[in-house]
Amino acid sequence: MIGHDERVYVWRKRDEGWRPDLVQPRTSQTKYQVMIWGCICWNGVGTLTPVEGNINAVKYQEILDEHLWPVIARHFPGGNYLFQDDNAPVHRARSTQEFVARNGITGMSWPAQSPDLNIIENVWLHVKRKLQTRTGMIKSKNELFQEIHRIWVSISPAYIQCLYKSIPKRIVNVIRLKGHLTKY
């Protein structure tokens, strides 16, 4: 029995009448948040690491130093790679640019705020959608990261390769739409 002072949610279609079986009591669920840095390459997903607190240029450089190099060493031993970030301010900071140059990280120039051209955005969306089906079972920030990690490592190289293959079409669409957002 639902008390008078309790809130309830009713899930029904617009033209559907009142049905008691559609009433659900409100569940109090704690929401957990984590900031994560991850990378991908043609061979699949790479490193995934939680980031504590706010990210600044120094912290971003530490992340690159600790987590990017193992992926480069494993997948690009000859150094034939091209690094893409998302042009966040910490990525464009002078100290970060100096770090990248000093460490020989081969990057690329591309327009800021261009999620259509950054395929990892599709990967994050994939992770979020999978995670939405599991949120009721997550009881801590650590469990949230573990679930994200479980989803991350389950992403197939074929999916990542499909995203890479879509880049030429993405570029054409961004040019065709004069920089406006595409369906990607």
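These are my notebook entries on a predicted model of one protein chain.

**Ground rules.** I number residues from 1 along each chain as its sequence is written. In this predicted model, local features need pLDDT of at least 70, side-chain atom pairs count only at pLDDT 80 or more, and totals for chains, interfaces and linings use all residues, while side-chain values use heavy atoms, with hydrogens and water left out.

**Overall layout.** I looked up the elements and found seven helices and four strands. I take helices (H or I, at least four residues) and strands (E, at least two) as DSSP runs, numbered from the N terminus. The order from the N terminus is β-β-β-β-α-α-α-α-α-α-α. Of the 184 residues, 33% count as buried. Buried is under 20% relative accessible area, exposed is over 50%, and partly exposed is in between, using a 1.4 Å probe and protein chains only. The chain exposes about 12,800 Å², and carbon and sulfur atoms supply 54% of that. I note that these areas come from the Shrake-Rupley method with a 1.4 Å probe, and for residues only the protein chains shown count as cover. I then checked contacts, meaning heavy atoms within 4.5 Å. Among those with a separation of 6 or more, 61% join residues 24 or more positions apart.

**Cores.** I looked for nonpolar cores, which are sets of buried Ala, Val, Leu, Ile, Met, Phe, Trp, Tyr and Cys residues joined through side-chain atoms within 4.5 Å. The largest has 19 residues, and I40, L48, V123, I148, W152 and I155 have the most contacts inside it. Strand 3 (35-41), strand 4 (44-51), helix 4 (120-132), helix 5 (141-154) and helix 6 (157-165) each supply at least two of its residues. Another core, of 15 residues, lies apart from it and includes V51, Y60, L64 and I105. I also listed the partners of L48, leaving out residues up to four places away in sequence. They are I36, W37, G38, W124, F145, I148, H149 and W152.

**Helix 3.** In helix 3 (residues 94-102) I find T96, F99 and V100 buried. Seen down the axis, these buried residues fall within an arc of 95°, so they line one face of the helix. The arc is that of the directions from the helix axis to the C-beta atoms. The buried residues pack against helix 1 (57-75) and helix 2 (89-92). R94, A101 and R102 are exposed on the other side. Just after the helix, G104 takes a positive phi of about 65°.

H67 sits in helix 1. I count H67 as buried because its relative accessibility is 19%. H67 touches W37, T47 and T49, not counting residues up to four places away in sequence. K59 is also in helix 1. At 22% relative accessibility, K59 counts as partly exposed. Beyond its neighbours within four places, K59 contacts V51, E52, G53 and N54. K59 and T96 are 37 residues apart in sequence, with C-alpha atoms 9.8 Å apart.

**P89.** I find P89 in helix 2. P89 counts as exposed, at 71% relative accessibility.

**Helices 6 and 7.** Helix 6 and helix 7 (residues 167-176) pack at an angle of about 40°, with axes 5 Å apart. I take axes as lines fitted to C-alpha atoms, for helices over the stretch in contact, with angles from 0 to 180 degrees between N-to-C directions. L163, Y164 and K165 of helix 6 meet I167, P168 and R170 of helix 7.
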